[in-house]
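Please keep the sequence and structure open alongside.

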Amino acid sequence: MSNFLHDRMEVGDEIDLLPPAGDFFLDIAKTTPVVLLSGGVGQTPMLSMLNTLVQKDHAAPIHYLHACENGRQHAFRDHIATLDSRHEQLHSFSWYRSPLDSDVIDRDYDAVGLMDLAPLKASILQDNTEFYFCGPIAFMRAIYKQLKSWGLEDSRLHYELFGPHQTLED
Ligand SMILES: NC(=O)C1=CN([C@@H]2O[C@H](COP(=O)(O)OP(=O)(O)OC[C@H]3O[C@@H](n4cnc5c(N)ncnc54)[C@H](O)[C@@H]3O)[C@@H](O)[C@H]2O)C=CC1
């Protein structure tokens with residue numbers, strides 16, 4: 001859609017719009033623990049979900065896990081940090097693949113490298129935790145693999161693929 005808008009549309013063109021559709025939306029009880037995971041620009045839908053959970057005063061733990069390249073590409077860092085400091089149920093964690101000299105660990109981000117969920121398993125996984133994730137396809141495959149290795153049912157894993165249909169399994 002964005003390519004079409006940039007390449008084909010002109011100022012003044014008229015288009016018909018339909019309401020939003022799809023199956024990637026937050027649908028959980030107020031007492032269900034939730035983990036929101038994102039890579040790069042995949043953060044966009046996760047952020048809306050987070051804002052909704054916080055506004056509705058979610059009563060169970062919310063883990064907001066984000067992986068990006070470095071501090072220059074870490075969008076909404078201050079917004080997340082502010083929410084984290086104000087909401088007891090929210091715990092955020094970030095990974096930088098290639099931190100810049102100006103990026104300070106434990107201040108700007110929490111770990112170097114790609115998102116590795118193993119060290120967080122005990123704190124993020126409860127019997128009824130639901131997982132929502134979005135990011136580049138390689139990120140999605142890596143996260144799906146890690147979560148499936150924990151024996152989770154597909155019904156607890158929610159994600160959106162960008163572009164043509166692709167599978168997350170090897
Ligand atoms: N839902 C979707 O399918 C989405 C698709 N995309 C696509 O990805 C493209 C690049 O998006 P950017 O935000 O620039 O991504 P990026 O290339 O900056 O990657 C973002 C983060 O994803 C993680 N990642 C990347 N490759 C990985 C791998 N092999 N294993 C584990 N983690 C990995 C890394 O932590 C990286 O910092 C977009 O242009 C878009 O086409 C982006 C976001 C959502």
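Phe4 is found in helix α1 (residues 2-8). Helices are DSSP runs of H or I with at least four residues, strands are runs of E with at least two, and both are numbered from the N terminus. At 37% relative accessibility, Phe4 counts as partly exposed, because that class lies between buried (under 20% relative accessible area) and exposed (over 50%), with a 1.4 Å probe and protein chains only.

Together with Met1 and Leu5, Phe4 makes a nonpolar surface patch of about 330 Å². Such a patch takes residues with over 30% relative accessible area and no salt bridge, and joins nonpolar side chains (Val, Leu, Ile, Met, Phe, Trp, Tyr) within 5 Å. A salt bridge is a side-chain nitrogen of Lys or Arg within 4 Å of a carboxyl oxygen of Asp or Glu. Areas come from the Shrake-Rupley method with a 1.4 Å probe; for residues, only the protein chains shown count as cover.

## Basis of the model

The model is predicted: local features need pLDDT of at least 70, side-chain atom pairs need pLDDT 80 or more, and totals for chains, interfaces and linings use all residues. Residues are numbered from 1 along each chain as its sequence is written, and side-chain values use heavy atoms, leaving out hydrogens and water.

## The sheet

Six strands form an open sheet with parallel pairing, in the order β4-β3-β2-β1-β5-β6. Two strands pair if DSSP finds at least two bridges between them. β4 (111-112) and β6 (157-159) are the edge strands, each pairing on one side only.

Strand β2 (residues 62-68) runs parallel to strand β3 (residues 90-96) over 7 bridges. Here His66 stands opposite Ser94 in β3.

## Helices on the sheet

Helix α2 (residues 43-55) packs on the sheet and touches β1 (34-39), β2, β3 and β5 (130-134). Contact means heavy atoms within 4.5 Å. The direction of α2 makes about 150 degrees with that of β1. Axes are lines fitted to C-alpha atoms, for helices over the stretch in contact, and angles run from 0 to 180 degrees between N-to-C directions.

Helix α3 (residues 77-86) also packs on the sheet, touching β2 and β3. Its direction makes about 150 degrees with that of β3.

## Loop residues

Thr32 sits in the loop between α1 and β1. It counts as buried, at 13% relative accessibility. Beyond four places away in sequence, Thr32 touches His58, Ala60, Asn128 and Glu130.

Asp57 lies in the loop between α2 and β2. Its phi is positive, about 55 degrees, although it is not a glycine. At 53% relative accessibility, Asp57 is exposed.

Terms used: Patch = residues over 30% accessible without salt bridge, like charges linked within 9 Å, V, L, I, M, F, W, Y side chains within 5 Å.
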